[in-house]
Amino acid sequence: MKLSSRIAQIVPTLILVSILVFCLQQLMPGDPALVLAGEERGDPKVLAQIREELWLDRSLPVQYLHWVSNVAQGNLGYSWRTRQPVSQLIEQKLPVTAQLGVMAFVIAILIGVPTGVVAAIKRNGPWDYVANAVGLAGLSMPNFWLGIMLILLISVHLGWLPPSGYVPLTQDVWQSLATTIMPAFVLGNAIAAILMRHTRSAMLSVLDQDYVRTARAKGLSETRVILHHALRNALIPVVTLGALELGTLLSGAVLTEQVFSIPGFGKMVVDAVFNRDYPVVQGVVLVTAFLFILLNLLADILYVLINPRLRRA
Amino acid sequence: MTRQQRTPPAERPTHTPRTPTQLAINRFVRRPAAVAGLAVIVLFVAVAILAPLIAPYDPIATSWSAIRKTPSAAHWMGTDENGRDVFSRVLFGARASLLAGVVSVLIAAGIGVPAGLLAGFAGGWIDALLSRVVDAMLACPFLILAIALTAFLGPDLANAMIAIGVSTAPRFMRVARAATLEVGSADYIQAARSLGATGIRVAVRHIAPNIVPPVLVQASLSLAAAIIAEASLSFLGLGQQPPSPSWGSMLNAAQRFLTQAPWLAVFPGVAIFLCVLSFNLVGDGLRDALDPRGR
């Protein structure tokens, strides 16, 4: 598929995402103006002013067009609680979650890919069963519980790492790593299990191919056949999986940040839910969905770039 | 050529041709992990139903003389910060988790399967529109969408189930659509059409029964995901509200007493883990049993 048509394809999806997120607001029980007015809710003038400011007195399609044109200009509205622009809040919190996410992904790759390769090479052997069992356990374990158990073991009993808090990378690299390594492991755990399963099945299908037999017949060492010939091809579909797992990562971050009290994107959305700060909730859903669509597009492009068979002459 | 003699009924070969369902059941029971998973699920269901009969204490009765007692013969899993028996709460917690799992998957299948059937069968602009809506919903991370829906609907168990169900529906729609496309091109569907069957009759009588296997696999795996999602929402305070017991909300409370009462965090987590693991094992077993090509 041509890049331009792939990009054109995401336009309706983006529009539908925006409609979906706009509709969330309509699910809200009661009148938003009443919530915003706080103690002045008895004053009809105040209510009328809020409704006018937020365009709540217009028809739904007009409200949507007003909202979406603001979003297109990067204006996601204002937090009802702090009065700060939502985009600014997201900008502040996103780097924290991004650091956690990148670390989680590195951990997931370091665990998932080698275990997947070993499981495939030792197919149906004890190592394969162990890897599969550990993978399935990783998928079945709620990550917030794993986080609590690690805090109990590593922080409370052994005292090796701080149980909660966050130090930015720019402030102190070691402290930053100490506060994020445990949450990153928790977050990476589920993705490691998914990567393991995909690497295993990709390796299994590649190991049966003729070119792998040819490589062996040439007298290459088994390590070289596995790493240089088989894994390189097996990893191609695994790359796209990275982008698809962004959703798992962001969903996981909500819980992990809550458990480890990390002031990131995930904690912000939970706090916003409890403060009934709806514009922040809407902003977070919109930004995560846009990020997901964008990363999927990037993964598709990357897939073509690293897979010579899909490249056009 | 001599006329073939009819075999008397008593001498018929014992292994008569089996139906696809029998073959699938045979393949399923040959997987010990899947059978073990099914056994654990049956146990959890029994616990959920019989909780009032087997729980030694009232799960919401507080006792100020028994606050945070370590596990003992009187309280197998200890007591919590309000002196409530953790074992009884874990038993009753199975109700919230399983109910949330089943109801949200029913909601998801109820929306997703008819939509997928319609998209796959009708094609054209209906398919394009529904597929784009699914893309848009899948672009929102599952838990974040569920959290947002619960936030706007209001936090309680019923709304959490609706939120999880709606967020899971796109997956069912995709599975049902793909299966419909595959089944729709089969010869027997063409035959039904050429015999003059109406579109609705073909969809309901001929296609729908044949997309059941992949939907069943999706349902089993979605149940596991829905149980984790309910536990996650309850953990965040957006699902089952206190004092009603739920594994997720028990873990939320346990977090505040990690140093003084670590057992509070262990048992509800083990329960979630075992339950989800069992559904995943059964899901994997069903997939292998119902789709032998995938093995």
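**Notes on the two-chain model**

1. Let's start with V266(B), which sits in helix α11 (residues 263-290) of chain B. Helices here are DSSP runs of H or I with at least four residues, strands are E runs of at least two, and both are numbered from the N terminus. Bear in mind that this is a predicted model, where local features need pLDDT of at least 70, side-chain atom pairs count only at pLDDT 80 or more, and totals for chains, interfaces and linings use all residues. Residues are numbered from 1 along each chain as its sequence is written, while chains are lettered from A and ligands numbered from 1 in the order in which they are written.

2. Is V266(B) buried or exposed? V266(B) is buried because 20 other C-beta atoms lie within 10 Å. The cut-offs are 20 or more for buried, 12 or fewer for exposed and partly exposed in between, counting other C-beta atoms within 10 Å of the residue's own, all placed from the backbone. From V266(B) to S131(B), 135 residues away along the chain, the C-alpha separation is 42 Å.

3. Over to chain A, which has 13 helices and zero strands. Its C-alpha atoms fill a box of roughly 85 × 60 × 35 Å along the principal axes. Of its 313 residues, 37% count as buried. Take the chain A contacts between residues at least 6 apart in sequence: 70% of them join residues at least 24 apart. A contact here means C-beta atoms, placed from the backbone, within 7 Å.

4. One helix pair to look at in chain A is α6 (residues 126-140) with α8 (residues 173-207), which pack at about 140° with axes 8 Å apart. Axes are lines fitted to C-alpha atoms, for helices over the stretch in contact, and angles run from 0 to 180 degrees between N-to-C directions. That angle makes α6(A) oblique to α8(A), since under 35 degrees is roughly parallel, over 145 roughly antiparallel, 65 to 115 roughly perpendicular and the rest oblique. Residues in the contact include G135(A) and G138(A) from α6(A), and A192(A) and M196(A) from α8(A).

5. Which chain B helix gives the most to the side touching chain A? Overall, 37 residues of chain B are in contact with 38 of chain A. Helices α4 (124-139), α5 (142-153), α9 (212-235) and α11 of chain B each supply at least two residues to that side. The top contributor is α5(B), with nine residues.

Definitions and conventions. Two residues are in contact if their C-beta atoms, placed from the backbone, lie within 7 Å.
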